[in-house]
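This report describes a protein for a reader who has its sequence and its three-dimensional structure at hand. Please keep both in view while reading.

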Amino acid sequence: MNIRQPTHQQIAARAYELHVQRGRMDGYDMDDWLQAEYELMQLPVHKIAELDPPASSPAGHKPPRSLVQLVRATLL
């Protein structure tokens, strides 16, 4: 699965939205940029559900449920 990184323009646009939501207060440029970058880099839940779960553990060991399995279960 190929995950795309957000572009500079996408991050800048979201950071500006955050700036506007904050009431256009100065001094939060870096906070807004990092928040925008963080939000845009999050893997959407429906994409996680499309991933293959990790390979099973050796015989006799019950593996813990993977994130992929948990997400799939919540979407059903």
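## The surroundings of Arg14

Leaving out residues up to four places away in sequence, Arg14 touches Gln21, Ala36, Glu39 and Leu40; a contact here means heavy atoms within 4.5 Å. Arg14 belongs to helix 1, which covers residues 8-21. Helices (H or I, at least four residues) and strands (E, at least two) are DSSP runs, numbered from the N terminus. With a relative accessible area of 17%, Arg14 is buried. The word buried stands for under 20% relative accessible area, exposed for over 50%, and partly exposed for what lies in between, with a 1.4 Å probe and protein chains only.

One of the residues that Arg14 touches is Glu39, which is placed in helix 2. Along the sequence Glu39 and Arg14 are 25 residues apart, while in space their C-alpha atoms are 8.8 Å apart. Glu39 counts as partly exposed, at 29% relative accessibility. Apart from neighbours within four places in sequence, Glu39 is in contact with Arg14 and Leu18.

## Basis of the model

The model is predicted: local features need pLDDT of at least 70, side-chain atom pairs count only at pLDDT 80 or more, and totals for chains, interfaces and linings use all residues. Residues are numbered from 1 along each chain as its sequence is written, and side-chain values use heavy atoms, with hydrogens and water left out.

## The protein as a whole

The secondary structure comes to 4 helices and 0 strands. Read along the sequence, these elements give the pattern α-α-α-α. The protein has 76 residues, of which 17% count as buried. Its accessible surface comes to about 6,300 Å², and 56% of this belongs to carbon and sulfur atoms; such areas come from the Shrake-Rupley method with a 1.4 Å probe, and for residues only the protein chains shown count as cover. Among contacts between residues at least 6 apart in sequence, 31% join residues at least 24 apart.

## Helix 1 and its buried face

Helix 1 has 14 residues and reaches 20 Å from its first C-alpha to its last, close to the 20 Å expected at 1.5 Å a residue. The expected span is 1.5 Å times one less than the number of residues in the helix. Which residues of helix 1 are buried? They are Ile11, Arg14, Ala15, Leu18 and His19. Seen down the axis of helix 1, these buried residues fall within an arc of 150 degrees, so they line one face of the helix. The arc is that of the directions from the helix axis to the C-beta atoms. An α-helix has 3.6 residues a turn, so residues three or four places apart point the same way. The buried residues of helix 1 pack against helix 2.

Ile11, in helix 1, is buried with a relative accessible area of 5%. Not counting residues up to four places away in sequence, Ile11 touches Pro6, Trp33, Ala36, Glu37 and Leu40. The C-alpha atoms of Ile11 and Gln35 are separated by 9.0 Å, although the two residues are 24 residues apart along the chain. Glu17 also has its place in helix 1, but Glu17 is partly exposed, with a relative accessible area of 41%.

## Asp32 in helix 2

Asp32 lies in helix 2, which covers residues 29-41. Is Asp32 buried or exposed? At 3% relative accessibility, Asp32 counts as buried. Beyond residues up to four places away in sequence, Asp32 touches Ala15, Leu18, His19 and Arg22. Glu17 and Asp32 are 15 residues apart in sequence, and their C-alpha atoms are 8.7 Å apart in space.

## The loop and a charge over a ring

Helix 1 is followed by Gly23, whose phi is positive, near 90 degrees. Arg24 is found in the loop between helix 1 and helix 2. Phi of Arg24 is near 60 degrees, a positive value in a residue other than glycine. Most residues other than glycine have a negative phi.

The charged end of Arg22 sits over the ring of Tyr28, 4.2 Å from its centre. A charge sits over a ring if NZ of Lys or CZ of Arg is within 6 Å of the ring centre and within 35 degrees of the ring normal.
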